[in-house]
Structures are given as structure tokens and as C-alpha cells.
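Please read it alongside the sequence and the structure shown here.

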Amino acid sequence: MSKIVQRYGDVLLAAGFALAAAVDVLGRGVPEPALVLPGAVAVLSLVWRTQAPLRVLAVNLAASLAIELIAGPDDYPVTLGLVLLVSVYTAAAHTLDRDETAAGGLLVASVPILTGAHALDYDWPDPGASTNVFIGFVFLTITFRGAWLAGKWMQNRRAKQRALVTERAEQAREALRAERARIARELHDVLAHAISVIVLQARGARHALADQPQEARGAIDAIERTASLALGEMRRLLNVLRADDGEAALTPQPSLALLEPLLIEVRAAGLPAELQVEGKARELPPGVDLCAYRIIQEALTNSLKHARQATAEVMLRYGDQMLDVEVADTGTSDVNGDVSGLGLAGMRERVALFGGQLESGPRPDGGYLVRARLPL
């Protein structure tokens, strides 16, 4: 689309210069017939100025030389001089590498040639001829140089704009990759927790099915509830990938406000878990809130999988500038965390995003401890 607009712009520019040149030439009286052809070629060549800038420059320099040879000392049309400068500007703005070198060479060679043609208009030895020729040489050098520098400035400006567009596109792609990585961590946390609870509840239901049908029914209900919640979270996260608008963002994200239902679910799966809060609980930044919730969820999921015959304690400590999150269990196993390393690695990535610190490892008196400090 931009090429079509540029094409029409070049046609309109050539038409405008054609009208101006006609007025300029006719205003000087009846034009020299031989002057019409090079003038018309010079003006019409502007139609292709952005498509073939080097050729348009060569055509305009040749036309200018012909006009200089035909016209008298004061009869060179000003409009056609402006057309020549436009071709110089265009060559600087739209050529690179070999074409740019060729355009520069043409301009350097054309200055003495055009000056020599201009010198033929005088009767030598005219006292003022040498001065006029020197002034013409300086004038051509300055105007050509000015038009060339203006064209290069425009070329550099367009290059910077393209680089900016490319940089923004790369930033957008990087943001998309980061968002997909975040969603992958979210899916890992959701699935790891839900499947761990479902497996443990299914084991309990199998053992209780014959002798304690009521407990087995409760375990099956817990499986259904956990699977339903996990499915809802998965749908929310997948909708983020598919959504073209902000509709998916309207779905509430997990937060510490939903911590008690999580603890109830963990207790139902066989891990007694208690919550302690120190300091005054308050509303947290959404990212920190979600990060704290996911750390607790992942740590409790690991305790469910690895800490046999254990209890767990969750501690939230609200400070002025820090939120401390601790999850400790009393299991006999000295292993906690995803066997593949994704669980603890995911926690570290989350905490690192907010400039926090994460510690994890066996407790001196048995069990496992996960502690995170998140700046507020």
C-alpha cells in the first residue's frame, strides 16, 4: 500500500513541476524549441524517481547539460534547476552501496562539466566571466551537497524508524514468549497439584471402598471437586492464549484469599495443614499475590507426594516491605520438590521475577522447609 501511495505521490510531483516549468518557461517569452525536449524529459523522469533514482539522476544531469548548452546565461529555467535538485535528493535518499557510489561519482563529475558548459555562454575575455563562472561552480557544489545531505538525513531517519519498528516487534515477541512461559508454569502448578490430590484420594477410595463406603464416597467427591477446579483453571489459562481481547483477563486469578480452600483440599487428601499469619494482612500487588499462592500450592503438593505420615504448616508474615512465605512439613522423607526439578525451579523463577529470595531444603529436626521473601 505504501508503494502505491509513493507511486501516486511521484506522479503528482512530476505533474506539479511540469505545470510550474511551463509557466516559468512561457513567462520568459517564446521558448527555444530545442529547450522543450530536455526540459520535458527531466520533469517526466520524476515519475520513476523512487523506483530508479540513479537513472533519474543521470537523466536530469544530461538534461541539465543540454539546457545549459541551449539556453543563454540568464535563461536557465529556475523550475528545471529545482527538478535537478530533487533528483539529487532522491538519489541520496534511495540509493545504497554501488548505486550510492555511482550517484556520488556522477555528481562530482557533473559540477565541472556543467560549469564548463556555463562558461561557454560568455564572450571571452569578458572581465566578469571568470567571476561568474567561479560563482556558478561554488553555487552548484553547495546546492548539490545540500540536497545530497538532506537525502542522506532522510534515509537515516527512515532506517531508524524501521529499526524502531523491528525493535518493538521483537519486544512484542519477547513479551509473548514470556507470557507463554508464565502460562506453562501456571499449567504445571495446576496439573501437579490436582493430579497429586486425585491420585491420593483415589488410593484412599480404593482402600475404603469395601469396608468404609462413606469415606470412599467422600474421597470420590473430593476427586470430582479437585478435577473440576483444575479444569476451570486450565480453561482460564488456555483462554489467555486464544483470547484476542481482554475477556480472559476478567476471570479471577488464584490469590491468598483462596488459601483456605486450598488447605481444605490438602487436608482432604491426607495432609493435615495449618495456616499462621503474622502481621496485618493486606491487599498485595496482583503479581506478588499470585506468586505467593503458587509457591504455597507447589510446596504443599510436594509435601503430599513426598512427605509420608506428615503434617504441614503454612506461615505468612506481612512486613512493611517484605512478605515472608514459609511451608514446612514434618515428613520422614528428606526429598521434597518435583523429581524432574520443575517444581522448585518454577518457584525460583517466580520469586526471581519479583527480586525476591527462595530457600529450600531439609529441616534439622526432620521434614522439609520452603521459605520465600517477596518485596512489596
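## Strand pairing

Strand 2 and strand 3 pair in the antiparallel sense over seven bridges; strands count as paired if DSSP finds at least two bridges between them. A hairpin of three residues connects strand 2 to strand 3, and Leu316 has Val325 in strand 3 as its bridge partner. Strand 2 also pairs with strand 1 (residues 273-278), in the parallel sense and over six bridges. Here Glu274 stands opposite Glu313 of strand 2. Five of the seven residues of strand 2 are buried, where buried means under 20% relative accessible area, exposed over 50% and partly exposed in between (1.4 Å probe, protein chains only).

## Basis and overall figures

The model is predicted, so local features need pLDDT of at least 70 and side-chain atom pairs count only at pLDDT 80 or more, while totals for chains, interfaces and linings use all residues. Residues are numbered from 1 along each chain as its sequence is written, and side-chain values use heavy atoms, with hydrogens and water left out.

The chain has 10 helices and five strands; these are DSSP runs numbered from the N terminus, helices being H or I with at least four residues and strands E with at least two. Of its 376 residues, 40% count as buried. The accessible surface of the chain is about 21300 Å², and carbon and sulfur atoms account for 62% of it; areas come from the Shrake-Rupley method with a 1.4 Å probe, and for residues only the protein chains shown count as cover. Among contacts (heavy atoms within 4.5 Å) with a separation of 6 or more, 74% are between residues 24 or more positions apart.

## Nonpolar cores

A nonpolar core is a set of buried Ala, Val, Leu, Ile, Met, Phe, Trp, Tyr and Cys residues joined through side-chain atoms within 4.5 Å. The largest one has 34 residues, of which Leu256, Ile295, Ile296, Leu300, Leu323 and Val325 touch the most other members. At least two residues each come from helix 8 (259-268), helix 9 (286-306), strand 2 (312-318), strand 3 (322-329), helix 10 (342-353) and strand 5 (368-375). Helix 9 gives the most, with nine residues.

Beyond its neighbours within four places in sequence, Ile295 contacts Val325, Met347, Val351, Val370 and Ala372. Another core, of 16 residues, lies apart from this one and includes Ala42, Ala63, Leu80 and Val83.

## Salt bridges

There are 10 salt bridges, each a side-chain nitrogen of Lys or Arg within 4 Å of a carboxyl oxygen of Asp or Glu. Arg49 forms one with Asp10, with the closest N and O atoms 3.0 Å apart. This pair links distant parts of the chain, 39 residues apart: Arg49 is in the loop between helix 2 and helix 3 (53-70), and Asp10 is in helix 1 (residues 2-26). Both Arg49 and Asp10 are buried.

Glu326 and Arg371 also meet in a salt bridge, at 3.0 Å from N to O. Glu326 lies in strand 3 and Arg371 in strand 5, 45 residues apart. Glu326 is buried, at 16% relative accessibility, whereas Arg371 is partly exposed at 28%. Salt bridges with shared partners join Glu278, Arg317, Asp324, Glu326, Glu359, Arg371 and Arg373 into one network.
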